[in-house]
Amino acid sequence: MSGEVKIIEKKEIPLGAVMLFGFPDVGLVGVIAASHLISELENIEEVAYMDSKLLPPLIVLHEGLPHSPIRIFGNHNILLAVSETAIPADVIYPIMDALIDWGRSKKVKMMISLSGIPIQDRQDLKELKVFAAASSQEMLKMLQEKEIEILQEGYMVGPQAIMLQRCATMGLPAITLLAQCFLNYPDPEAAAEVLKGLASITGIKVDVSKLLEKGEEIRLRARDVMRRTQQEMSKMKKTQEYDIPLYIS
Amino acid sequence: MATKRKRSFFDIIDEYFENLEEWAEELGERLLERPSWNQKTCTIEPLRDIMVTPTEVIVTVDLPYTEESTIKVKPLDKNTIEITAKLKRKIRFDDFGITHYKGEFQTFHCNTRIPVSVEMDKMEVRFKKGILEVRLPRKHGYPIPIE
């Protein structure tokens, strides 16, 4: 089915970049973080976009011109895949497969998914922890050296889960970064934390103060995307991330 | 002559629950397929969530950009609450770059149905980090003695 998903390149794509993913999920952490990266990083521009009949018949208009809801932004060392709409639960596999195959063809050195992990009573937390899961022992070791806590046991549901598993199978270095966040409400604070985690792993550093200052405005603006994302999360049984797995050795 | 197998009681129950699930999914999707704002009443609908525990119902509502002093939580009947809150300033469509709709909004408004019986008069409300939390103790029947 991944043949039904095309990535159309608009610019020359750098080889050997770090590929990041910011897709709608819990707290919209990945999308908010990706959007902040695009506004803060220098020389980053749209380099490719996704064309697929598996997606709903939808375009996003910016300044009167049509854009695919799933686009890839890039500069000389980053490729950032971001979606401006909730991805239907039943097409996540082919969408992720196509993006991973494309990234592999561009010889990306690492894939990192920016996301969140829901926590009850989130509003009572003063500090948000960032956890990580990785595709290999070497990557886990690197995360531990950077003092990022490993998500040892549990379930992971959504695009980041597919990415991690696929990359582990292919032997491609990959990490999923997860900041504690609200399940169903946009969480710019969590996005700021995940970006701090990204900085310590890759050196891709951006100032997150604007993200925190404009937090309430972002939450107001992100309501509709969150509403659609809630529905897709419910279809993919996202709350299973709260479950305790039965360990089979 | 082919004989039609009589449906068992369990088949009927299974079918009932399947229909109920389909209906709930359809209703959820239909509820979503409308704007989250109302130009006539100048209100926007907040994101909200309901959690039912054995002892209470917890309703949370995302109310960013609001003044705490303007938040009102009002029981409408024995299982519905109305929530309103004023935004810190009027929000217009063009604040979000949208020019093909006109209108401005200054209030969050929603009515939330509580799915189980609760004691409305024992409602507890708190507001933290832009999240309103309404706690309603569940009504309980009488204990059945274990012999």
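This is a predicted model: local features need pLDDT of at least 70, side-chain atom pairs count only at pLDDT 80 or more; totals for chains, interfaces and linings use all residues.
Two residues are taken to be in contact if their C-beta atoms, placed from the backbone, lie within 7 Å. By that criterion, among the contacts in chain A between residues at least 6 apart in sequence, 77% join residues at least 24 apart.

**Overall form of chain A**

- Chain A contains eight helices and eleven strands, and buried residues account for 47% of its 249 residues.
- The radius of gyration of chain A is 17 Å, which agrees with the value near 18 Å that a compact globule of 249 residues would have.
- Along its principal axes, the C-alpha trace of chain A spans about 40 × 40 × 35 Å.

**The sheet**

- Nine strands of chain A form an open sheet with mixed pairing, in the order β1-β3-β6-β7-β2-β8-β11-β9-β10.
- At the edges stand β1 (5–9) and β10 of chain A, each with a single partner strand, so one side of each is left without a neighbour in the sheet.
- Strands β6 (residues 70–74) and β7 (residues 78–83) of chain A pair in the antiparallel sense over five bridges, with F73(A) standing opposite L80(A) in β7(A).

**Helices packed on the sheet**

- Helix α2 (residues 92–105) of chain A packs on the sheet, where it touches β1, β2 (18–22), β7 and β8 (110–118) of chain A, and its direction makes about 40° with that of β1(A).
- Helix α5 (residues 188–202) of chain A also packs on the sheet, touching β2, β8, β9 and β11 of chain A, and its direction makes about 150° with that of β11(A).

**Strand β9 and its partners**

- Strand β9 (residues 130–134) of chain A is largely enclosed by the rest of the structure, because four of its five residues are buried.
- With strand β11 (residues 174–181) of chain A, β9(A) pairs in the antiparallel sense over five bridges, and the bridge partner of A134(A) in β11(A) is I175(A).
- With strand β10 (residues 149–150) of chain A, β9(A) pairs in the parallel sense over two bridges, and here A132(A) has I150(A) as its bridge partner.
- Together with helix α3 (residues 137–145) of chain A, β9(A) and β10(A) make a right-handed β-α-β unit.

**Two residues in their surroundings**

- M163(A) lies in helix α4 (residues 159–170) of chain A, and it counts as buried because it has 30 C-beta neighbours inside 10 Å.
- Leaving aside residues up to four places away in sequence, M163(A) touches F21(A), M96(A), I100(A), M111(A), S113(A), A174(A) and T176(A).
- The C-alpha atoms of M163(A) and E40(A), which are 123 residues apart along the chain, are separated by 25 Å.
- D224(A) lies in helix α8 of chain A, and with 16 C-beta neighbours inside 10 Å it counts as partly exposed.
- Although D224(A) and T85(A) are 139 residues apart in sequence, they are 9.5 Å apart in space, C-alpha to C-alpha.

**Contact with chain B**

- In the contact between the two chains, 13 residues of chain A meet 13 residues of chain B.
- Helices α7 (215–221) and α8 (223–235) of chain A each supply at least two residues of the side of chain A that touches chain B.
- By class, that side of chain A has three nonpolar, three polar and seven charged residues.

Conventions: Residues are numbered from 1 along each chain as its sequence is written. Chains are lettered from A and ligands numbered from 1 in the order in which they are written. Ala, Val, Leu, Ile, Met, Phe, Trp, Tyr, Cys and Pro count as nonpolar, Asp, Glu, Lys and Arg as charged, and the others, Gly among them, as polar. A residue is buried if 20 or more other C-beta atoms lie within 10 Å of its own, exposed if 12 or fewer, and partly exposed in between; C-beta atoms are placed from the backbone. Two strands pair if DSSP finds at least two bridges between them. A crossover is right-handed if, with the strands pointing away from the viewer, the path from the first strand over the helix to the second runs clockwise. The radius of gyration is taken over C-alpha atoms; the globule rule is 2.2 Å times the number of residues to the power 0.38. Axes are lines fitted to C-alpha atoms, for helices over the stretch in contact, and angles run from 0 to 180 degrees between N-to-C directions.
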